[in-house]
Amino acid sequence: MSLAPRLGFGLGLRPPHYADALAGAPAVDWWEVISENFLVAGGNPRRVLREVRARWPVVLHGVSLSIGSAEPIDRGYLDRLAALVDEVEPALVSDHLCWTALGGHQSHDLWPLPYTEEALRLVVAKVGQVQDRLRRRILLENPSSYVTFAASTLGEAEFLAEVARRADCGILLDVNNVFVSATNHGWDARAYLAAIPVERVAQLHLAGHSRRDRWLVDTHDHAVCPEVWTLYAEACARFPGVATMIERDDHLPPLAELIAELDVARATAAEVRGG
Amino acid sequence: MADLAALQARFLALVTSGRGDPRGLVAGGELGVYAYAYGARLLDALRADHPKLEAALGADRFAAVVEGYVAAQPPRSFTLRDLGVDLAAHLDSLDPRDATDAGPWAGDLARLERARVEVFDGPDHAAATRDDVAALGPAAIAALPLAWVPASAVVSLRWSVDEVWSALEDGAPPPPAIADPRVVLVWRRDLEVIHRTLDPDEAAVAPLIAAGATFADVCGALVEHADDPAPRALALLVRWLDAAALRLHPPELP
């Protein structure tokens, strides 16, 4: 596969928009779906996925791979994901640089890793196992985080770049997550972008966030904020032509409103491209 | 992996149950963001799957039930779809003196809603029609093996929570649940999840069909309920076929 297929501009497909997505011809180049929502036997989710896939490229985005857990990959989960990949033939397959389970206890959240050499070796080895099973590269997404660990010896961007290099995987760069984590931890967001290897980035995410006390939280429940649009323009300059999508999971507006927001992404990328 | 495993075990205990000491673990930030998100996400997932139980209990009581359930049965599946798989049994097991006990009927309402969740995205399968059965010919009908469509569940209830469910669905005040055993068939017709409370004789044979009984077996079982079971069995067969609740065992239909 090409590490960065030129997919254009996509949206996350969520159940309240199923009917509108299929009824018309929304100006969306591709759809990203949450893999776990379709690891089911049948019914409406699978029907929608079949129909969407027949008309658009689809990207599978997972939340339960738990690539950073200090325990083996869940083979049952991986087998089911592999079957879905075989069926859907997605343009890209991604999950997060995080851990979501330990000792059978599932967090259903994206928990951060300590950025250590030990964690780096573990993640690299597990990405290799996943890519071998899926017979394709995967992308890992930088998470939003709300703590940093005392044990960390590497920066997050440095860690992610090294994982991608050693494991030969791609990067899904979430611009909102860069902004959220940089704000929460006092990182330099532009330096973060600069530390990410251009040739590894195959997809960009945009999303909104909210504030909880003094912390920014990646809630996907608002429109993309001006600061993230500014950072996105810088990402477009560094990673030109990379597929971009907007995630929205709560306070879902009508599909037309999300498409209008996607048009802002198109215009931003075009403006950067035009100089 | 010892250091990473130990760190993750400490993090998990702190976030999910507040157990442990964060000193030396985190360099900066707020673990409380994760603790809040963990509880909120699980509550949201169970709200989505059990809207009638939440409506019947009220939001605060439901949240307390969920907190108790998650503490007793931490999530074990990679998918939130399975989070509520043990909720009904958990509610059944609570002592009435337990602070989170929701009433003796609550487990049954959770059971009914859970069946609907599982049927929603259960396996696809074409339902049998009257024409399919007619095409087999009269001689073959007695030996006809029956089965519910794969996306179905036969749910035995001890309480009249089907009536509670229906009232809430209609936006009406729910009647009090009473102890009155009944059987509900939940199935998916095309993409729509449906349930129906079965007649007493129908309830008696529903588990037999789930176990792969033939039409003759159904007739035999109905002897206890009707002097002449054949017409009743035929009427039920037509009812089930018209409801798209039945399939014929392979190889009669794929």
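**View 1. Area buried between the two domains of chain B.** In this predicted model, domain 1 and domain 2 of chain B bury about 360 Å² between them, and carbon and sulfur atoms give 69% of that area. Buried area is the accessible area (1.4 Å probe) that two parts lose on being put together, summed over both. B:Lys52, B:Ala56 and B:Asp92 supply 90% of what domain 1 of chain B buries against domain 2 of chain B, more than any other three residues.

**View 2. Placement of the domains of chain B.** Domain 1 covers 1-103 and domain 2 covers 125-254; such bounds come from an automatic or database domain assignment. Their C-alpha centres lie 37 Å apart. Four residues from each domain take part in the contact (heavy atoms within 4.5 Å).

**View 3. Salt bridges between the domains of chain B.** Two salt bridges are counted between domain 1 and domain 2 (a side-chain nitrogen of Lys or Arg within 4 Å of a carboxyl oxygen of Asp or Glu). The side chains of B:Lys52 and B:Glu169 form a salt bridge at 2.7 Å, N to O. On the side of domain 1 that touches domain 2, helix α3 (residues 51-57) of chain B gives the largest share, three residues; helices are DSSP runs (H or I, at least four residues), numbered from the N terminus.

**Notes.** Residues are numbered from 1 along each chain as its sequence is written, and chains are lettered from A and ligands numbered from 1 in the order written. Local features need pLDDT of at least 70, side-chain atom pairs count only at pLDDT 80 or more, totals for chains, interfaces and linings use all residues, and side-chain values use heavy atoms, leaving out hydrogens and water.

How values were computed
Helices (H or I, at least four residues) and strands (E, at least two) are DSSP runs, numbered from the N terminus.
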